[in-house]
Amino acid sequence: IWTGLAEQLCNRHDVSRMIDLENWLKATPVPSRGDTQRHFQIPKAIRSGLPHRPGVYRYLSRKGNPLYVGKAKDLRQRVGTYFQPSRRHPGHILEMLSRAAELKISPTRTTLEAALLEQDLIKRLAPPYNLALQPENGALVYGSKDFGTFSPHWEPRHPLGPLPGGTATAILAELVNTMKSTWAGAGEAKVRPELARALAGPYLEAPDAAAVEAGLGLFRQQHSDYIRRVTPERLPQAIGRRLWIIRNLTPAPDVRPTDSADPQKAEDEGSPPAAFAWTPETVCRHLEHAVYHTAALLRRSRWLRRLGNAVITWGSSDTASQDRRCLILRRGRVVVRRNLAPAAGAGPFHLEPAPTGWHPLDRITYDRLRVATTELRRLVQERRPVSVQLSPLVRSSADLSPQGVVLHRERLAHLLSWF
């Protein structure tokens, strides 16, 4: 791109040196945004006639192929923002708007239902301009109890998960394999070359053996009390819980090396800063990040599997309103949507036990439940009247309960803070 641009600057404007480019930029007026008139195929009358309701909108090509799917709290307001001259949009969105010849909407009763519908439509239609949410983005894996091996499918040998496959799980697997040979104080761990390659991930150069060995020693020193007491299988939960407590309950900075350790954001890990050097401290922080992150993902996977068989009820932010909405999920799918009469309250409802034979979550179901969790977090933050009733787990006939566990806003807020 730069070679072609430099050639055009030279041929058209006689710009061949940096000083020539600086002088040309100073002498050439920058056209205002108003000078560029955009032309859209979707008539303004259709855009201005949309309802003020939550829902999902779909931009279609002239042949009726889906181009882009989005959700909105207010359909008219959200769609209108795409066509405001003062709005700055990414290049792929401007290209999509120039191709869009038709607009279709699916109004919903609530924003939560719009978010779930958007997720399902993106997975089913695979619109080309929804870059971040394509079905092939990110595979799920299931881990063995010692995190030594992973499989794309659930099986008795790989019961942990599902987990988004990524750098953190790879680092944890190699960390556990490295620690196994010297567990319970049997000497210093022998550094495996695979651990250095896992630490590097897709963006970094692998650290040298000396940095890995020193960083591993620092990790063992900082968490020696837990390492002596737990087995490799318990390492993520024990040390991950400790790191969570340090990060959330004490003013201890730099527990995680990057903001991408947040499980809601870390599935697409961005490239690291340009100036980066491996030291024992950075190796230790990356090891802590892998443990913290994987422990949070394990907690989230357990939560999503429970949420897949549950009843979600929530109300309006208007305290004077008693209207409530109810969704019933079975096997990760919404099977019932309904309004609740004010006299019905928030339950609890009599639910069937969670299916005992249902273990795996595919990517579509996993993302649907993850979006539902994000919306639940938003409802909690908005202090809405919200509750989640989880189906009972049946291990024997004596455990059969018609209600299961009911989580109201306070308990839900505490639970969601763990992942």
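## Three-stranded sheet

In this predicted model, three strands form an open sheet in the order β2-β1-β3, with antiparallel pairing. Strands are DSSP runs of E with at least two residues, helices are runs of H or I with at least four, and both are numbered from the N terminus. Two strands pair if DSSP finds at least two bridges between them. The edges are β2 (66-72) and β3 (102-107), each of which pairs on one side only. From one strand to the next, the twist averages 20 degrees. Strand β1 (residues 55-60) is joined to β2 over six bridges in the antiparallel sense, and leucine 60 stands opposite proline 66 in β2.

Two helices lie across this sheet. Helix α5 (residues 91-99) lies across β1 and β2 and runs at about 110 degrees to β2. Helix α6 (residues 111-125) lies across β1, β2 and β3, at about 165 degrees to β2. Contact here means heavy atoms within 4.5 Å. Axes are lines fitted to C-alpha atoms, for helices over the stretch in contact, and angles run from 0 to 180 degrees between N-to-C directions.

## Five-stranded sheet

A sheet of five strands is also open, with the order β9-β8-β7-β10-β11 and antiparallel pairing. β9 (333-340) and β11 (405-408) stand at the edges with a single partner strand each, so one side of each is left without a neighbour in the sheet. Neighbouring strands of this sheet are turned by 15 degrees against each other on average, direction ignored. Strand β8 (residues 324-330) and β9 pair in the antiparallel sense over seven bridges; arginine 330 has arginine 333 in β9 as its bridge partner.

Helix α12 (residues 280-307) packs on the sheet and touches β7 (310-315), β8, β10 (386-390) and β11, with its direction at about 85 degrees to that of β10. Helix α13 (residues 363-381) lies across β7, β8, β9 and β10 and runs at about 140 degrees to β10.

## Backbone features

Glycine 161 and proline 162 are joined by a cis peptide bond with omega of about 10 degrees. Proline 162 lies in strand β6 (residues 160-164).

At 61% relative accessibility, aspartate 14 counts as exposed; the classes are buried under 20% relative accessible area, exposed over 50% and partly exposed in between, with a 1.4 Å probe and protein chains only.

## Aromatic contacts

The structure holds six aromatic pairs. Rings of Phe, Tyr and Trp (its six-membered ring) pair if their centres lie within 6.5 Å; planes under 30 degrees apart count as stacked, over 60 as edge-to-face and the rest as tilted. Phenylalanine 40 and phenylalanine 83 form an edge-to-face pair, with 4.9 Å between centres and 90 degrees between planes. Phenylalanine 40 is in the loop between α2 and α3 (44-48) and phenylalanine 83 in the loop between α4 (75-81) and α5, so the pair ties together parts that are 43 residues apart in sequence. Phenylalanine 40 is partly exposed at 26%, whereas phenylalanine 83 is buried at 10%.

Tyrosine 57 and tyrosine 59 also pair edge-to-face, at 5.8 Å and 75 degrees. Both of these tyrosines are buried. Ring pairs link Tyr57, Tyr59, Tyr68 and Tyr82 into a cluster.

## Conventions

Residues are numbered from 1 along each chain as its sequence is written, and side-chain values use heavy atoms, without hydrogens or water. Local features need pLDDT of at least 70 and side-chain atom pairs count only at pLDDT 80 or more, while totals for chains, interfaces and linings use all residues.
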